Amino acid sequence: MDKIQQVQEEALAAIAEATDLESLNQVRIQYLGKKGSIQELMSEMKSLPKEEKPAFGSKVNVCKQEVSTALEHKQSELESQSLFANLEKEKIDITLEETKLQIGTSHPLVMIQQEIENLFVGMGYTIAEGPEVEEDYYNFELANIPKDHPARDMQDTFYIDPNTLLRTHTTAMQMRELEKAKGKAPIKLICPGKVYRRDDDDATHSHQFMQSEGLVVAENITLADLKGTLEHMANTMFGNGRTIRFRPSYFPFTEPSVEVDVSCPFCNGKGCSVCKGSGWIEILGAGMVHPHVLEMNGFDPEKYSGFAFGVGLERVAMLKYGIDDIRNFYLNDKRFLQNFNRFD
Ligand code: PHE
């Protein structure tokens, strides 16, 4: 009986001392295994006198019970310890400060381009695109500006070779589209894109800038259609209540040609520093497509007429956002671009 007591105490002490599941398993084998101490006690029962057997047997069973229960408790204790240890080890420190993502901004010229595109697509226009490296033929010849025409001087050109140049205006696209239509009207499109001129960069000039051409060719198109369209554009881009006026001008590819002014959105036409007291701001050039241009592109000028305009996107953006130096658009200075962050 003492031996049983001793085995039980030893076993419970060993269980208490086990520090991990592996050593606890060793304890289990040592005491409860087939050749373990408790089994050994059982086999000792055989050699006992008959009357002592029941008491001995039940004490061994109690001992076995106690040891098993202690083992189970210890087992679940060690298991949860190891689970917590693992959780601790695998913990992700979500308190770390995140690296701030730099979110880009739309470039103001892109915003103006999209605004113009949305406006004209809403009126049923399509958007055409074309090459920035252009043939002299489309940039000048088809636009009624033959070689030696003095109007070529108005647009100092970057030539790549005698027949290839960086387009000086989106009118080159207008010519491509007219030619492509093979005399079939109606045509209703805008062509936004970059253009290049050999200007010295300063606050109001840039050797690269953006334009959008507008072109409509159909039967019975008049200057009144042009005026209504541009008035709608002025009201959408610069706010309701804008009026526009036409001043006579000259472009070889339009006849008549006009410069278009919009009533100053800053002073409502009263006169301020932006419009230099005149109440008007010049925004674009336009006109009726020259009959010779229609003819060269295979349209019957007796049947069809059209209007065209070319608007400078920097000019619109400068007015709209109060930007006083055109070079800002091309410096990629984040402090400037950040002003157009729509997420702030
Ligand atoms: N191409 C002209 C320019 O660059 C603008 C324009 C386009 C004028 C279409 C009339 C018609 O200045």
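**View 1. Polar contacts between the ligand and side chains.** In this predicted model, an N or O atom in the side chain of Gln-211 lies 2.9 Å from an oxygen atom of the ligand, a polar contact being a pair of N or O atoms within 3.5 Å. Another oxygen-based pair involves Arg-197, with a polar side-chain atom 2.8 Å from an oxygen atom of the ligand, while the side chain of Thr-171 places an N or O atom 2.8 Å from a ligand nitrogen atom. The protein covers 92% of the 320 Å² of accessible area that the ligand has on its own (Shrake-Rupley method, 1.4 Å probe). Residues are numbered from 1 along each chain as its sequence is written. As the model is predicted, local features need pLDDT of at least 70 and side-chain atom pairs count only at pLDDT 80 or more, whereas totals for chains, interfaces and linings use all residues; side-chain values use heavy atoms, without hydrogens and water.

**View 2. The shell around the ligand.** Of the 14 residues around the ligand, His-169, Thr-171, Arg-197, Gln-211 and Glu-213 come nearest (a residue is near if one of its heavy atoms lies within 4 Å). The shell divides into five nonpolar, seven polar and two charged residues. Strands β6 (208-218), β9 (280-289) and β10 (305-312) are the elements that give two or more residues to this shell (strands are DSSP runs of E, at least two residues), and β10 gives the most, with three.

How values were computed: A polar contact is a pair of N or O atoms within 3.5 Å; within protein, one must be able to donate a hydrogen and the other to accept it, and residues adjacent in sequence count only if both atoms are side-chain atoms. Helices (H or I, at least four residues) and strands (E, at least two) are DSSP runs, numbered from the N terminus. Ala, Val, Leu, Ile, Met, Phe, Trp, Tyr, Cys and Pro count as nonpolar, Asp, Glu, Lys and Arg as charged, and the others, Gly among them, as polar.
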